Amino acid sequence: MFGGKRSERRVRCGAYFGKKLFVKESKCIFSGPSMGEREFVDKDKLILRGLKFHGFHGVKPEEKKLGQKFVIDVDAWLDLNDAGKSDDISDTVSYTDIYRIVKEVVEGPSQNLLESVAHLIANTTLLKHPQISAVRVKVGKPHVAVHGTIDYLGVEILRYKKN
């Protein structure tokens, strides 16, 4: 050690919003200068992964006529402290409520863009559940007519509750 400064040991602990995370004193922190989304690192969230529905979204006529499978992921940030203490469903948002919103949007009226599908899911979730402070929605199309091998193509949006 020089000049009284202690060296810090940092080890990678994963990725978050596309940024590397490191452990510092047993806590994950962001690396690099972009700290805009850091507020979410220590917050609670509900997680819904791999929701699959058949919908009729897209700009091509065959997409609107035949439809296709869509895969949806949702993260909803809210304080889960009271629910953790009380073990009472009324102190949280039920996963099934968010699942129903996703199902209604994806199986509902046709949208041209995945951006619109994601936006409808996010806005409906925030409007119906005011205790949710932010929601991230990923909409994927696994069966897209492209030359090449893919898992899916899609969009991901992050929306915040307006104060």
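Helix H3 contains 12 residues and reaches 17 Å from its first C-alpha to its last, close to the 16 Å expected at 1.5 Å a residue; the expected span is 1.5 Å times one less than the number of residues. Helices (H or I, at least four residues) and strands (E, at least two) are DSSP runs, numbered from the N terminus. The model is a predicted one, in which local features need pLDDT of at least 70 and side-chain atom pairs count only at pLDDT 80 or more, while totals for chains, interfaces and linings use all residues. Residues are numbered from 1 along each chain as its sequence is written, and side-chain values use heavy atoms, with hydrogens and water left out.

The buried residues of H3 are Ile-98, Ile-101, Val-102, Val-105 and Val-106. Here buried means under 20% relative accessible area, exposed means over 50%, and partly exposed lies in between (1.4 Å probe, protein chains only). Viewed down the axis of H3, these buried residues fall within an arc of 120°, so they line one face of the helix; the arc is that of the directions from the helix axis to the C-beta atoms. They pack against E4, E5 and H4, where contact means heavy atoms within 4.5 Å.

We turn next to the sheet. Four strands form an open sheet in the order E4-E5-E6-E7, with antiparallel pairing. Two strands pair if DSSP finds at least two bridges between them. Strand E4 (45-55) and strand E7 (153-160) stand at the edges with a single partner strand each, so one side of each is left without a neighbour in the sheet. Strand E6 (residues 134-141) is joined to E7 by eight bridges, and these two strands run antiparallel. Within this pairing, Lys-141 has Leu-153 in E7 as its bridge partner.

Helix H4 (residues 114-128) lies across E5, E6 and E7, running at about 30° to E7. Axes are lines fitted to C-alpha atoms, for helices over the stretch in contact, and angles run from 0 to 180 degrees between N-to-C directions.

Which residues of H4 are buried? They are Leu-114, Val-117, Ala-118, Ile-121, Ala-122, Thr-125 and Leu-126. Seen down the axis of H4, the buried residues fall within an arc of 155°, so they line one face of this helix. Their cover includes E5, H3, E6 and E7. On the other side of H4, by contrast, Leu-127 and Lys-128 are exposed.
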